[in-house]
Amino acid sequence: MVERDFDVCVIGSGAGGGPVAFSLAQAGRSVVVLEKGPWLRDGDFFKDEIACCRRSEYIPDVHDEPHVIERERADGGWQARSTLESGSSLWHGCCIGGATNFMSGFFHRMKPVDFHLLSSFGPIDGASVVDWPIDYQDLEPYYEKVEREVGVSGRVVAHPQQEPRSTPDFPFSPTAEHALAGHIDRACAALGHHAIPLPRAILSTPAMGRAVCSYSGYCGSYGCATGAKGSARSALLDRAVASGGCQVRPHAMVSRLVSDRSGRVVHAEYFDERGRTRRVDAHIFVVACQAIETARLLLRSTGPRHPHGLANGSGQVGRNLLFAGGGAASGSLHYDRFDGAQGAALRAVGPFVNRSLQDWYVIDEGVFGAPLKGGTIDFLQRPPAPISRATRQTQSRDGFVWGLPLKRKLEAHFSQSADVKVEAFCDWLPHDDCFVTLDPVTKDSWGLAVARVRTGLHPHDLRIGWFLASKGAEVLQEMGARDVVAFASGSPPTNLQAGTCRFGRDPATSVLDADCRAHEVDNLFVSDGSFMPTGGSAPYTWTIYANAFRVADRIVKQLPGLSRRAESAFREAHTPPERANRGRDSR
Amino acid sequence: MGEEALQKPPAQSPERLDRRRFLTQLLSTVAAGATSRSALCAAAAALESCAHTGASAGLSAGQWQMLAAVQAHLLPSEPGIPGAREVNATGYLRLLMTDPRTGEEQRVWLRDGLVELAELSSERFASEFISLTKNEREVALRALERSPSGERWLAALLDFLLEALLGDPSHGGNPDGIGWRWLGITPGFPRPPIRRGASWSREISTSV
Ligand SMILES: Cc1cc2nc3c(=O)[nH]c(=O)nc-3n(C[C@H](O)[C@H](O)[C@H](O)COP(=O)(O)OP(=O)(O)OC[C@H]3O[C@@H](n4cnc5c(N)ncnc54)[C@H](O)[C@@H]3O)c2cc1C
Ligand code: SF4
């Protein structure tokens with residue numbers, strides 16, 4: 001039974017859902033957010049490595065909600081394994097705010113060149129690279145909006161790859177910096193590189209009712225207890241709810257979007273906390289469940305006009321799944337090389353390293369012949385998660401280390417050096433062996449077909465990942481780090497997902513139009529990273545947030561006008577008290 | 001974890017054993033028929049003994065003692081430096097195994113490893129593990145490490161030991177942050193509220 005009309009129903013409450021709910025509530029529209037996970041508040045998050053990272057308490061148990069992952073075998077075939085068997089998981093934070101609660105907040109914009117990869121660099125064999133249907137300039141105002149509304153701290157410095165900006169600097173100054181940043185700056189200067197301050201989705205000063213970062217040192221993978229982290233929950237949804245126009249429903253697992261004979265979506269069907277089937281109807285539906293789950297929801301939402309899944313007449317839903325390509329490097333700065341004060345500064349826990357290199361965002365050094373798209377290198381401190389670090393000390397080539405040798409190894413590991421890590425990001429090229437379908441056999445605990453995910457990598461990504469990781473390793477060596485290692489990685493970092501519903505101009509080769517509206521269903525939008533036909537060479541979340549704000553503007557335009565009564569009620573609610581009083585006084 | 005944006009799937013980092021993987025390994029072991037008849041019989045016997053001993057989680061009091069001895073070997077106590085005993089490793093594991101969210105397969109897994117080690121000790125030394133000398137214990141555990149199931153068991157046991165050493169005390173290990181103090185670790189804040197573990201674990205730690 002239909003409970004109530006909403007202008008808009010948003011499914012998924014993370015980076016893709018938050019800006020839509022926020023913007024619509026601000027525009028005086030009624031919006032409901034359906035989220036499968038619970039509503040945890042700032043006060044529910046603690047620095048508890050066992051809870052967050054070893055028992056994975058913020059994501060569903062794979063027994064209830066597995067995925068099936070296909071990995072490439074040495075002989076070139078594909079081996080499918082349920083996450084129930086493999087122990088890996090494709091979930092990343094199922095609660096109000098989604099994975100943004102647990103992100104580290106490394107924020108990079110995409111650059112103008114990312115919007116035209118095909119025309120700038122030409123095709124790559126075996127990859128389905130295309131140009132975006134919009135330009136950087138179309139997204140720039142929304143990147144700027146994210147800086148203000150979500151809160152991005154940083155400092156603009158001139159460097160060869162700096163993207164154009166409509167404002168001279170960030171609205172929030174950089175977060176406190178760790179002493180390692182100085183070492184990185186000096187090494188980069190000596191090598192002729194341009195180390196730049198890394199923007200963070202973390203508040204360096206209190207704003208918008210949120211507190212400043214407490215520099216607990218335990219940030220990525222941990223929920224934020226202060227509200228300083230720019231999660232969709234604390235930055236957007238809390239404000240959307242406070243404005244009165246937005247209703248958030250936790251524990252609402254959307255099972256399908258029901259469409260009518262004309263092909264339009266008429267309601268979202270979901271299971272509530274008690275397992276009862278409920279329905280919501282709305283003028284417009286917005287899907288933002290993260291790329292894999294978004295594709296899964298559309299694929300299982302068949303209807304009279306959509307026999308192969310909602311908006312899937314072209315067979316494109318689920319294709320061109322993206323992770324993030326790249327590599328990594330690490331090294332140790334031994335404290336014994338530094339005097340007391342320097343050593344003490346290197347031992348500090350809390351401040352952020354906040355340094356990146358984008359000198360090779362386009363690799364034009366002749367190493368690969370013609371110029372190629374490169375990427376971003378981020379520097380970071382070794383994560384403070386002590387259990388996970390300690391468990392690594394039990395490994396050796398000759399078997400487990402235990403007993404007194406283990407104790408001495410632990411003492412050395414935790415006391416001798418500051419470890420620096422490099423994460424290198426390049427494009428994960430879209431191609432035919434990276435996609436999502438519905439598994440024909442495995443069901444979740446609601447009886448719904450689970451996503452089957454093929455995670456093939458294009459070999460080109462390894463070359464670029466290796467190139468970037470080596471550049472990062474050179475910096476570590478210049479810093480005097482010991483035990484420097486670098487590697488390119490072909491395993492997908494599953495917390496960074498995009499693609500599966502690419503946007504484009506041609507309905508035969510894309511799922512969404514340039515506004516992220518489904519070509520085949522005019523009241524269906526997708527606002528998470530699924531729209532991205534190529535992913536850029538940096539973590540995606542700033543772009544997801546920005547695009548979701550852009551999509552929200554398109555939705556506001558598409559909605560039927562507000563009734564006069566709703567409009568005046570909205571004006572009343574949104575007029576600041578002092579202005580309202582002034583108005584009354586002068587009357 | 002920590003300050004990083006890239007996150008590899010846990011399956012790619014063999015050193016990490018989280019609850020899911022732990023369970024999964026058990027399931028695949030059972031599915032592969034690796035649980036020997038003798039192990040199952042011993043498990044059944046252990047279950048039976050629970051009824052009239054201070055046993056818990058399907059392990060007899062004797063098996064908990066044996067487990068404590070294994071943990072003490074893997075992380076021995078030294079003057080002024082904590083070992084398995086001081087970090088309450090056995091109490092921590094007992095809490096985990098009696099947690100309602102812990103599946104029966106995990107308890108069976110824990111027991112299977114003990115049974116395998118007990119068989120190995122009696123074959124090699126005609127003695128119970130708990131009566132072996134330090135060197136004999138090392139030989140027995142290294143022999144256990146060579147069997148695939150033994151290796152998985154030890155890997156997980158080591159992981160749980162380090163959780164007891166460096167996890168938040170609210171989970172029942174690392175009393176008063178003794179492990180953090182030893183290794184100079186600054187815990188994050190806010191710290192989690194006390195779970196049912198902390199006080200209960202003290203009681204348990206003295207009972208094994
Ligand atoms: C440890 C970690 C560190 C990270 N660090 C960074 C970083 O430094 N920089 C960066 O840019 N990115 C980072 N990320 C990635 C970032 O969190 C994601 O890019 C972002 O959250 C994706 O937004 P989304 O809206 O697609 O998905 P999410 O934010 O995950 O939101 C999707 C929501 O949809 C819900 N949902 C799914 N299916 C359904 C359904 N059927 N019904 C109802 N609800 C449903 C989910 O429960 C979830 O809450 C990190 C992620 C993790 C896990
Ligand atoms: S307070 Fe700061 S360090 Fe802690 S989780 Fe929030 S943003 Fe990260």
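1. Helices in this note are DSSP runs of H or I with at least four residues, numbered from the N terminus. The model under discussion is predicted. With that convention, helix α1 of chain A spans residues 17-26, and just after α1(A) the residue Gly28(A) takes a positive phi of about 80°. The helix itself is mostly covered, with nine of its 10 residues buried. The buried residues are Gly17(A), Gly18(A), Pro19(A), Val20(A), Ala21(A), Phe22(A), Ser23(A), Leu24(A) and Ala25(A).

2. Two further positive phi values in chain A belong to residues other than glycine. Phi of His251(A) is near 55°, and this residue sits in the loop between β6 (246-249) and β7 of chain A. His251(A) has a relative accessibility of 25%, and therefore counts as partly exposed, since that category lies between the 20% limit for buried and the 50% limit for exposed. For Asn320(A), phi is near 60°. Asn320(A) belongs to strand β10 of chain A, residues 319-322, and is buried because its relative accessible area is 5%.

3. Domain 1 takes in 1-59 + 92-150 + 225-323 + 497-574, while domain 2 takes in 154-198 + 325-427 + 458-491. Their C-alpha centres are separated by 32 Å. In the contact between them, 32 residues of domain 1 of chain A meet 34 residues of domain 2 of chain A.

4. The site of ligand 1 deserves attention. Its surroundings include residues from chains A and B, so the site is shared between chains. There are 41 residues around ligand 1, and those that come nearest are Gly16(A), Glu35(A), Phe106(A), Val254(A) and Thr541(A). By class, the shell comprises 19 nonpolar, 16 polar and six charged residues.

5. Several polar backbone atoms of chain A face oxygen atoms of ligand 1. The distance is 2.8 Å for Gly16(A), 2.9 Å for Phe106(A) and 3.5 Å for Thr100(A). Taken alone, ligand 1 exposes 990 Å², and the protein buries 98% of that area. Two or more residues of the shell come from each of β7 (253-259), α8 (291-300) and α13 (541-558) of chain A.

6. Around ligand 2 are Lys47(A), Ile202(A), Cys213(A), Ser214(A), Ser216(A), Cys219(A), Cys224(A), Thr226(A), Lys229(A) and Phe352(A). This shell divides into five nonpolar, three polar and two charged residues.

7. Turning to chain B, the fold holds nine helices and zero strands, in the order α-α-α-α-α-α-α-α-α from the N terminus on. Chain B has 208 residues, of which 58% count as buried. Among its contacts with a separation of 6 or more, 61% join residues 24 or more positions apart. The accessible surface of chain B amounts to about 8,700 Å², with 56% of it belonging to carbon and sulfur atoms.

8. Which residues of helix α4(B) are buried? They are Ala89(B), Thr90(B), Gly91(B), Tyr92(B), Leu93(B), Arg94(B), Leu95(B), Leu96(B) and Met97(B). The helix covers residues 89-98 of chain B and is mostly covered, with nine of its 10 residues buried.

9. Leaving aside residues up to four places away in sequence, Ser56(B) touches Trp64(B), Arg94(B) and Thr98(B). Between Ser56(B) and Leu95(B) the sequence separation is 39 residues, and the C-alpha to C-alpha distance is 9.6 Å.

10. A last point concerns the backbone of chain B. The peptide bond that joins Phe189(B) and Pro190(B) is cis, with omega about 0°. Pro190(B) is located in the loop between α8 (178-183) and α9 (197-207) of chain B.

Definitions and conventions. Residues are numbered from 1 along each chain as its sequence is written. Chains are lettered from A and ligands numbered from 1 in the order in which they are written. This is a predicted model: local features need pLDDT of at least 70, side-chain atom pairs count only at pLDDT 80 or more; totals for chains, interfaces and linings use all residues. Side-chain values use heavy atoms; hydrogens and water are left out. Buried means under 20% relative accessible area, exposed over 50%, partly exposed in between (1.4 Å probe, protein chains only). A residue is near a molecule or strand if one of its heavy atoms lies within 4 Å of it. A polar contact is a pair of N or O atoms within 3.5 Å; within protein, one must be able to donate a hydrogen and the other to accept it, and residues adjacent in sequence count only if both atoms are side-chain atoms. Accessible areas come from the Shrake-Rupley method with a 1.4 Å probe; for residues, only the protein chains shown count as cover. Ala, Val, Leu, Ile, Met, Phe, Trp, Tyr, Cys and Pro count as nonpolar, Asp, Glu, Lys and Arg as charged, and the others, Gly among them, as polar. Domain bounds come from an automatic or database domain assignment. Contact means heavy atoms within 4.5 Å.
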